[in-house]
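I opened my notebook to go through a structure I had not seen before. These are my entries, in the order I made them.

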Amino acid sequence: MGALKIPDLADFEFRGRKLREYPKEFPNQFPALLIGKIATEHSQENKGGATSLLKFALNLANKLRAKVGCAYLVARVYPESIDWYRQKGFKTYVGNIAERETIPMYLELS
Ligand SMILES: CC(C)(COP(=O)(O)OP(=O)(O)OC[C@H]1O[C@@H](n2cnc3c(N)ncnc32)[C@H](O)[C@@H]1OP(=O)(O)O)[C@@H](O)C(=O)NCCC(=O)NCCS
């Protein structure tokens, strides 16, 4: 398990509302399934491997959701893979991704 840590950004939109609209005592982290990085060896790319792993993680997170309130997947993503994660619905709250080795991204379970 890991956590979605809410950044201290007034404009950050969370569950359809800006953070500044929430009360001060609103929690700043929520249970999440941490998947770290999904990476596919170059020789095996585009064969559905990463999509299968993501489906496995989503299935597991949905099972955990009922027991521990896990409503997110969180990942640390290599810059070159960001678009793949975005296509899967992941978001990031990091504006400037330059010079970062990995970027924190999260997916809200539907
Ligand atoms: C991004 C990454 C996770 C995708 O893994 P994958 O197993 O190739 O992905 P899948 O086969 O499940 O998905 C393929 C789809 O994603 C798209 N895609 C692949 N890499 C992408 C990328 N970097 N950005 C956006 N889209 C990407 C493909 O075009 C394909 O689209 P389609 O279904 O419309 O044809 C993988 O390329 C990766 O790990 N990249 C980092 C490279 C690396 O470090 N590899 C070595 C690790 S040991």
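I began with T102, which sits in the loop between α2 and β6 (103-108). I noted how elements are assigned: helices (H or I, at least four residues) and strands (E, at least two) are DSSP runs, numbered from the N terminus. Is T102 buried or exposed? T102 counts as buried because its relative accessibility is 13%; buried means under 20% relative accessible area, exposed over 50%, and partly exposed in between (1.4 Å probe, protein chains only). I then found that the T102 side chain makes a polar contact with the side chain of R76, at 3.4 Å. For a polar contact I need a pair of N or O atoms within 3.5 Å; within protein, one must be able to donate a hydrogen and the other to accept it, and residues adjacent in sequence count only if both atoms are side-chain atoms.

**Entry: what I am looking at**

I reminded myself that this is a predicted model, where local features need pLDDT of at least 70 and side-chain atom pairs count only at pLDDT 80 or more, while totals for chains, interfaces and linings use all residues. Residues are numbered from 1 along each chain as its sequence is written, and side-chain values use heavy atoms, with hydrogens and water left out.

**Entry: the overall layout**

I listed two helices and six strands in the protein. Along the sequence they come in the pattern β-β-β-β-α-β-α-β. The C-alpha atoms fill a box of roughly 50 × 35 × 20 Å, taken along the principal axes. Of the 110 residues, 33% count as buried.

**Entry: around the ligand**

How many residues surround the ligand? I got 16, and the closest are T40, N46, G48, T51 and E80; a residue is near a molecule if one of its heavy atoms lies within 4 Å of it. By class, this shell has four nonpolar, eight polar and four charged residues. For those classes, Ala, Val, Leu, Ile, Met, Phe, Trp, Tyr, Cys and Pro count as nonpolar, Asp, Glu, Lys and Arg as charged, and the others, Gly among them, as polar.

A backbone N or O atom of N46 is 2.7 Å from a ligand oxygen, and a polar backbone atom of G48 is 2.6 Å from an oxygen atom of the ligand. S81 uses a polar side-chain atom, 3.3 Å from a ligand nitrogen. The protein covers 62% of the 920 Å² of accessible area that the ligand has on its own (Shrake-Rupley method with a 1.4 Å probe; for residues, only the protein chains shown count as cover). I also noted that α1 (49-68) and α2 (82-87) are the elements that give two or more residues to the shell around the ligand.

I went back to N46, which is in the loop between β4 (29-36) and α1. N46 is exposed because its relative accessible area is 83%. Its phi is near 65°, a positive value in a residue other than glycine. I wrote a reminder beside that: most residues other than glycine have a negative phi.

T51 is in helix α1. T51 counts as partly exposed because its relative accessibility is 24%. I also checked T51 against D8: they are 43 residues apart along the chain, and their C-alpha atoms are separated by 31 Å.

**Entry: E45**

E45 is in the loop between β4 and α1. What does the side chain of E45 make a polar contact with? I found the side chain of H42, at 2.8 Å. E45 counts as partly exposed, because its relative accessibility is 38%.

I returned to the loop between α2 and β6, where T92 is found. A polar atom of the T92 side chain lies 3.2 Å from the backbone nitrogen of V94, and one lies 2.7 Å from the backbone oxygen of P104. E99 is found in the loop between α2 and β6. E99 has a positive phi of about 65° although it is not a glycine. E99 is exposed, because its relative accessible area is 85%.

**Entry: L107**

My last stop was L107, in strand β6. L107 counts as buried because its relative accessibility is 10%. L107 and A75 are 32 residues apart in sequence, yet 8.6 Å apart in space, C-alpha to C-alpha.
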